[in-house]
Amino acid sequence: MSINFTPSIFTNTSICLMMMAIAINIFAHNQVLASAQLPGNILGDRMFTLAVNSATEQIKQVAKQQNATLVQYSIINDEFTIAGKKQTRESELYIWVIKPTGDITFRQIDIKPLWQKQNTSLAELISQSRWSLGVTGNYNYLKLNQLKDNFQNLYELLIKPIEKLLPQQPNTNIIFIPQGELFLVPFAALQDAKGKYLIERYTIATAPSSQALDLLYQRKKQYQNVGQDILVVGNPTIQSDRGEPLQLIGAEQEAKAIAQLFNTQPLIGNAATETAVVQRISQAKIIHLATQASLKNQQGLAFTPSTQDDGLLTPAEIQKLKLTADLVVLSANDTAIGIITNDGVIGLSRSFLSAGVSSVIASLWDISDQSTAFLMTKFYQKLHEKPDKAAALRYAMLETQKKYPNPRDWAAFTLIGLL
C-alpha cells in the first residue's frame, strides 16, 4: 500500500472539525445535549455517528502508537457587537486530552475576558512572551522574574485547565497539537505557579495534526531502503543581509563535535555547498544542518554558494527531495515558524516532513550561537546513548538551563512529528 503524503495532510481545519465532532459526542455522552437537540434524520444520524466513531478511533490509535498523551487546541472566534460595530474576536479555547489508554476528555475555556477586561488577546499574550525573551529588541531587556510572569500567564490558559488530566508519572510523553498563533508557544518553558517548567515534568513534542502523525507513522512502516548516512553541516561560507561574512563559530563547533560522535566527516565552510548537501541528503538517516535561515526576501536554509547553485535551499526545493531520514535537526534561526494559516505553519519544518522525514527539530526564534552549540552537543551525546529523540531533547534542555538559565537559550527548539 502506498501513501500519497502531500502537504495537505497537515491541515488543521479538517482535524478541528473532527475534534469538534468528538466534543459533541462527549457532550452527548455526558447528557449535556438533550436528545431533542441531536439531528432528526435517521440516515443523517447514522452517518454522523459513523464519522464521529471513525475520527475517535483514529485519534485513539495515534495516542497508542506514540505512547503519548495528545493535547489538541482549537481557538474559537465569534462575532460580537462592540461600540455599535460587529467585530470578530476570540471567544473560547477548546482543549482535548487524548491518553494512550484511549480516554478522551474535553475542556472549554472562556477567553473573552482577555479582551473584555484585560484589553489583550491570546495572540498578544503569545507575542508578549516571545518579546520578553528578547526575540525582538534587546537580548537582556527583561529579567528572569519578568519572564516568569509571561510564561505563567500562558500556563494558566493552556495547561492549568487540563493539569489534572495530564500524566502524573514523571518523564512521560506529551504531544501538543496547536492552532494558529499557538504554534509559536515554547511549551517547554511554560511555568506553573511554583515556577516549575513544563519540560521538568514531561518530554514534549508538537505536531501539525493527529492525522499527520498517523500518516507519518504509516509511511515510516513502509520504508525499506532507509539511508544510514549521518549528514552533518556547520558554518557554511555565507554573508549577512549587509553583505558581510557571517561566522557561525558555535555552529562549526557543534558540527565537529556531532560528527566525531558518529565517526563521520562534517561539511564545513567552503565544503558546505547546497549541491554537496543535496547530493548526500537522500542517503541520510540523521541530518544536522547548523546554518542560517533566511526569512526576509525568500525563506530557505543558507549554504555556501557555488557555480552549480545559489546557496539557498528553499521549502519548494526541499519538498522535491526524496528523503527517508528519521530525524532532521534545523540548528538555525526561526526554522519552526513561517506563514501561519488556518492549516498550520507553512515553512521549512513542514517541507522536510512532506519530503519524507519522520521528525524535525526546529527553532521558534533567533537562536544564540554558543548556547545552541552546547545544547546540540548534549542532545547528540544522549541520542547516541539511546535513540529516543524526545528524551534526548529534554535532557539537553535541562542541561543547558543549568548553564544558561534564560529560556531564550534553551527553550527555542521543538520536536515536530514522531517521537
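Strand 12 (residues 300-302) pairs with strand 13 in the antiparallel sense, over 2 bridges. L301 has L313 of strand 13 as its bridge partner. This is a predicted model.

The open sheet holds 3 strands in the order 11-12-13, with antiparallel pairing. Strand 11 (292-294) and strand 13 (312-313) stand at the edges with a single partner strand each, so one side of each has no neighbour in the sheet.

Strand 14 (residues 327-331) is mostly covered, with 5 of its 5 residues buried. In a regular strand, side chains alternate between the two faces of the sheet. In strand 14, L327, V329 and S331 point one way. V328 and L330 point the other way.

Strand 10 runs parallel to strand 14 and is joined to it by 5 bridges. Strand 17 (residues 359-363) also runs parallel to strand 14, joined by 2 bridges. Which residues stand opposite V328? I287 stands opposite V328, and V328 stands opposite V360 in strand 17.

## The second largest pocket

The second largest pocket has a volume of about 310 Å³. Its lining counts 15 residues. Nearest its centre lie D326, L383, P387, D388 and K389.

Strand 10 (284-290) supplies at least two residues of this lining, and so does helix 11 (369-385). By class, the lining residues of the second largest pocket divide into 7 nonpolar, 3 polar and 5 charged.

Notes
Residues numbered from 1 in each chain as written. Predicted model: local features only at pLDDT ≥ 70, side-chain atom pairs only at ≥ 80, totals over all residues. Heavy atoms only, no water. Pairing = 2+ DSSP bridges. Helix = DSSP H or I, 4+ residues; strand = E, 2+ residues; numbered from the N terminus. 1 Å grid on protein atoms, 1.4 Å probe; cavity = no way out; pocket = protein on both sides within 12 Å on 5 of 7 lines; lining within 4 Å. Points joined across faces, edges and corners; volume = space filled by probe spheres on them. Nonpolar A, V, L, I, M, F, W, Y, C, P; charged D, E, K, R; others polar. Buried < 20%, exposed > 50% of the residue type's maximum accessible area, 1.4 Å probe, protein only.
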